[in-house]
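Trainee: Please walk me through reading pockets, cavities and helix packing in a model.

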Amino acid sequence: MDRKQALLQPIQVGDLTLNNRVWMAPMTRSRANNEAKAPFDIHVKYYTQRASSGLIITEGSQISEKAVGYINTPGIHTEAQVEGWKKVTEAVHKEGGHIFIQLWHVGRISHPDFHNGDLPHAPSAINPHAKSFTPKGFKDTVTPKEMTIEDIKQTILDFKNAAKNAMDAGFDGVEIHSSNGYLLHQFFSRTSNVRMDEYGGSIENRARILFDVIDAIKEVMPENRIGLRLNPSLHGIFGMEADEETIPTFDYIIEKLNQYDLAYLHLSEPFNDVSEIPYLEPHIAKRYRPMYKGTLVINAAFDQEKGNQVIAEGLADAVAFGKPFISNPDLPERFAQDASLAEWDTDTFYTPGEKGYTDYPSLEEAKVD
Ligand SMILES: Cc1cc2nc3c(=O)[nH]c(=O)nc-3n(C[C@H](O)[C@H](O)[C@H](O)COP(=O)(O)O)c2cc1C
């Protein structure tokens, strides 16, 4: 039994001491199948089962009605949702865990069916030609409405309000979802943002909304409880098309993040093979570890061995595990015991109810069965 491995060492994140570096990546599970889109008992059970993670980052949670793009995703903009989340955070804390909520706006990865027939919002009126998971099944995305300056200001306020709600709900912090082709990422990219005002054009302008969001959230919570997520080499997924300015844009953003005392920067290695694309970076941790001075958490397709290695090599401070946490609620303990991992079932990733959600046993429970 090796409890000395890098992944199992405690880590200080701002004023929080986290038990280990095996963090749970944010994962949409679409279980909030109620009118209020509020977490309830099964969310409490699911997250409590995973409380031994050094830090749980919740599923993406919409910051407003306009931010929705998938069915049965929970929000963090109403009282009922705050009440639902309170039960989750209390239960996780009781188990000694820590939990941040991921603040989400999908932008153009949505459908008029979610907005009483109105168009989804985006930096520019460019259809991502992706799919939206609506109450009537997968539908093609449409050409979104180009946001006005007023829409942008309102969205920044919505992020701030959601962060305030997150504090009221007892979260230890928030993760800004500025990744994976959703609204903030849509602003960063020249292929989804052709605006001519202060939120488009230059790299600085395309990145502006992110810093406006951070500055707004800082007004309602400590800076060292704010994390954020980026996926610099995302290409051909969720409607994102990279170009020559993509990596320089992320270089600019990550350099500038050093001006803040954030909880962490959460980066993803490329989701697909980008080694043939000359202007994309295939080694995200290697490029950005020297550039970013704060806590860096790395994600995508890590296992125990690679996770220990990336920390030992000094390329990241923690690793966020996604799918392994779906089917292995006690993942840190399994790593400690060098135990084999249970397989996840993709069929139940987004289906309502407890099946494939709260019925994966811990190692201990599996032994008893
Ligand atoms: C079911 C599922 C839902 C996901 N939902 C989100 C999400 O809400 N927010 C997010 O930033 N990433 C989301 N992701 C991406 C994961 O956080 C992670 O980046 C991805 O699964 C790769 O990590 P892994 O190889 O450890 O699973 C999701 C992934 C899966 C499998």
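This is a predicted model: local features need pLDDT of at least 70, side-chain atom pairs count only at pLDDT 80 or more; totals for chains, interfaces and linings use all residues.

Trainee: How much space lies in the largest pocket?

Mentor: Terms first. On a 1 Å grid over the protein atoms alone, a pocket is an open set of points with protein on both sides within 12 Å along at least five of seven lines; a cavity is a set where a 1.4 Å probe fits but cannot get out; lining residues have an atom within 4 Å of a point. Points are joined across faces, edges and corners, and a volume is the space filled by probe spheres set on them. Here the largest pocket holds about 920 Å³.

Trainee: Which residues lie nearest its centre?

Mentor: P26, M27, F238, F271 and Y350, out of 35 lining residues. Elements are DSSP runs numbered from the N terminus: helices (H or I, at least four residues) and strands (E, at least two). Those giving two or more residues to this lining are β5 (99–104), β7 (131–134), β14 (318–321) and α9 (323–327). The largest share, three residues, comes from α9.

Trainee: How does the lining of the largest pocket divide by class?

Mentor: Ala, Val, Leu, Ile, Met, Phe, Trp, Tyr, Cys and Pro count as nonpolar; Asp, Glu, Lys and Arg as charged; the others, Gly among them, as polar. The lining has 23 nonpolar, eight polar and four charged residues.

Trainee: What lines the second largest pocket?

Mentor: Its lining has 14 residues, with E269, H283, F302, K306 and V310 nearest the centre. The space is about 300 Å³. α7 (284–288) and α8 (304–312) each supply at least two lining residues. α8 gives the largest share, three. By class, the lining has eight nonpolar, two polar and four charged residues.

Trainee: How many cavities of 30 Å³ or more does the structure hold?

Mentor: One. The largest cavity has a volume of about 60 Å³. H185, F188, S189, L234, M240, E241, A242, T246 and F250 line it. α4 (183–188) and α6 (246–257) are the elements that give two or more residues to that lining. Its classes are five nonpolar, three polar and one charged.

Trainee: What describes two packed helices?

Mentor: The angle between their axes and the distance between the axes. Axes are lines fitted to C-alpha atoms, for helices over the stretch in contact, and angles run from 0 to 180 degrees between N-to-C directions. Take α1 (residues 41–49) and α2 (residues 79–94): their axes come within 9 Å and cross at roughly 25°. That makes α1 roughly parallel to α2. Angles under 35 degrees count as roughly parallel, over 145 as roughly antiparallel, 65 to 115 as roughly perpendicular and the rest as oblique.

Trainee: Which residues of α1 and α2 meet?

Mentor: H43, V44, Y47 and T48 in α1 meet W85, K87, V88, A91 and V92 in α2. Contact means heavy atoms within 4.5 Å. These residues divide into six nonpolar, two polar and one charged.

Trainee: At what angle do α3 and α5 pack?

Mentor: α3 (residues 149–168) and α5 (residues 203–218) pack at about 40°, with axes 8 Å apart. They are therefore oblique to each other. I152, I156, F159, K160 and A163 of α3 make the contact with I209, D212, V213, A216 and I217 of α5. By class, that contact has eight nonpolar, no polar and two charged residues.

Definitions and conventions:
Residues are numbered from 1 along each chain as its sequence is written. Side-chain values use heavy atoms; hydrogens and water are left out.
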